[in-house]
Amino acid sequence: MHKLFNRDFMNYGGLFYFYFMIWAIVLAFLPLWLKDIAGLNEAEAGFVFSSMSLIALCYHPFFGVIQDKLRYRKNLFAVIAIALLFMGPFFSYLFQELLSFNVYAGALLGSGYLSLCFFGGVGVVESYIEKVSRKNGFEYGHVRLFGSLAGATATFIGGLLYVNNPDSIFWFGSGSAVLLCILLYLARVRGEEGAEAQQEQAKAAGINKKDVMQILRLKSFWAFALIIVGTASIYDVFDQQFPNYYVTFFGTKEAGIDTFSKLCATQTALEAVLMVFAPALVNKIGAKRGLLLFGLLTFVRIAGSAVFTTPMALSAFRLIAAFEMPLMLVSVMKYIASVFDVRLSATVYLLGFNLAKQGAVVIFSSIAGGMYATMGFQSTYMFLAVSVLVITLISVFTLKNDKAKKEELVPVTNR
């Protein structure tokens, strides 16, 4: 347990904390800012979020290869951290003016910046710290719990700031980015000196697009992407409209919103606690079984929310998410490290997890939206639940056993 309190662990925990603090406080209040301050209607605000997701899909392939080539160097992480410094000025002086000039052009330009900071940049942050966690000898899941703590803190601080001055949440983001940059500068990687480390760095620097194409020819890669599309993507799609469904089972909408906000705070706190134990669980059962268990829990949560519709039952099923998130995050990282060549772990993560997940969310969100309008929430939820169950069962046979020998790629050069 002493590793939970050493300098390196706290340093990287701080990186997660301040990055996800900015993430949570900006994205949580962005819909309100777009409506109240920028004057956008629901369709125009939806275009902003869709643009962010689509532009992020363009970032992922490049970010993955670049980070694998950089290995433990912080260059790409630093680009994202520096970009976050401009969050306050961007919203106060630029984004609103762009949207006023032309909503759609402004949304596209603004989404390019926001995607770099968030939907595109998060994969760099997570994959870099996962690499370092293996090198420095601490569990990724343990240090990742700081991200959950940041979400809980942002929920409390953000409301106070937004009521006082809506733009203050973005300046708070810039201030947090200063601390993020300082921690990134101080962050260190153990064992990066000597001839062996230089040889490993040379191999990483030699990664090229042909190496990446080898990944795309692996059946294990597509099996991994399939379970992400069929579980993690549907997890997000289900959560998008769940608050609107949840509040309908209360006497008033205000009572439902108040209860839901308290429920989310409880979930976040429980998620942080469970993140401490998730690595030990996944180490015991294996990353493959961890992914399958995540799929099963997702099925239970969605199906249960469709069948049992009392406020207490819906709240209980919502709290299952506190178990799902730590299990998913730890299992994904351990599966990639166990099954694939670790030289390309960032590429596998950004392509097989981030790109596959966000691409599927864009598609499934539209499908689910149409089904909500024509079939209602409960029927749509049952369809989503069955889809999760079917893909989870298929993955029992298609996912590779992470206890077996990993697939080492033969380096490809242009010589």
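The questions and answers below look at a helix and some salt bridges in a predicted model.

User: How far apart are the end C-alpha atoms of helix α6, and what span should its 16 residues have?

Analyst: Helix α6 covers residues 121-136. At 1.5 Å a residue, these 16 residues should span 22 Å, and this agrees with the separation of the end C-alpha atoms in the model, which is 22 Å.

User: How many of the residues of α6 are buried, and which residue follows the helix?

Analyst: Helix α6 is mostly covered, since 14 of its 16 residues are buried. The helix is followed by a residue whose phi is positive, near 85 degrees, and that residue is G137.

User: Is D68 buried or exposed?

Analyst: D68 is found in helix α2, which runs over residues 42-70. Its relative accessible area is 0%, and a residue counts as buried when this value is under 20%. D68 is therefore buried.

User: How many residues apart in sequence are the parts that the salt bridge between D68 and K131 ties together?

Analyst: D68 and K131 form a salt bridge in which the closest N and O atoms are 3.1 Å apart. Because D68 lies in helix α2 and K131 in helix α6, the pair ties together parts of the chain whose separation in sequence is 63 residues.

User: Is K131 buried or exposed?

Analyst: The relative accessibility of K131 is 4%, and the cut-off for a buried residue is under 20%. K131 therefore counts as buried.

User: Which helices does the salt bridge between E126 and R144 link?

Analyst: The closest N and O atoms of E126 and R144 are 3.4 Å apart in this salt bridge. The two residues are 18 residues apart and link distant parts of the chain, and both of them are buried. E126 lies in helix α6 and R144 in helix α7, so the helices are α6 and α7.

User: Which residues are linked in a network of salt bridges with R301?

Analyst: R301 is buried, with a relative accessible area of 1%, and forms a salt bridge with D239 in which the closest N and O atoms are 3.1 Å apart. R301 lies in helix α13 and D239 in helix α11, so this pair ties together parts that are 62 residues apart in sequence. The residues linked with R301 in the network are D239, R318 and E324.

Key:
Residues are numbered from 1 along each chain as its sequence is written. This is a predicted model: local features need pLDDT of at least 70, side-chain atom pairs count only at pLDDT 80 or more; totals for chains, interfaces and linings use all residues. Side-chain values use heavy atoms; hydrogens and water are left out. Helices (H or I, at least four residues) and strands (E, at least two) are DSSP runs, numbered from the N terminus. The expected span of a helix is 1.5 Å times one less than its number of residues. Buried means under 20% relative accessible area, exposed over 50%, partly exposed in between (1.4 Å probe, protein chains only). A salt bridge is a side-chain nitrogen of Lys or Arg within 4 Å of a carboxyl oxygen of Asp or Glu.
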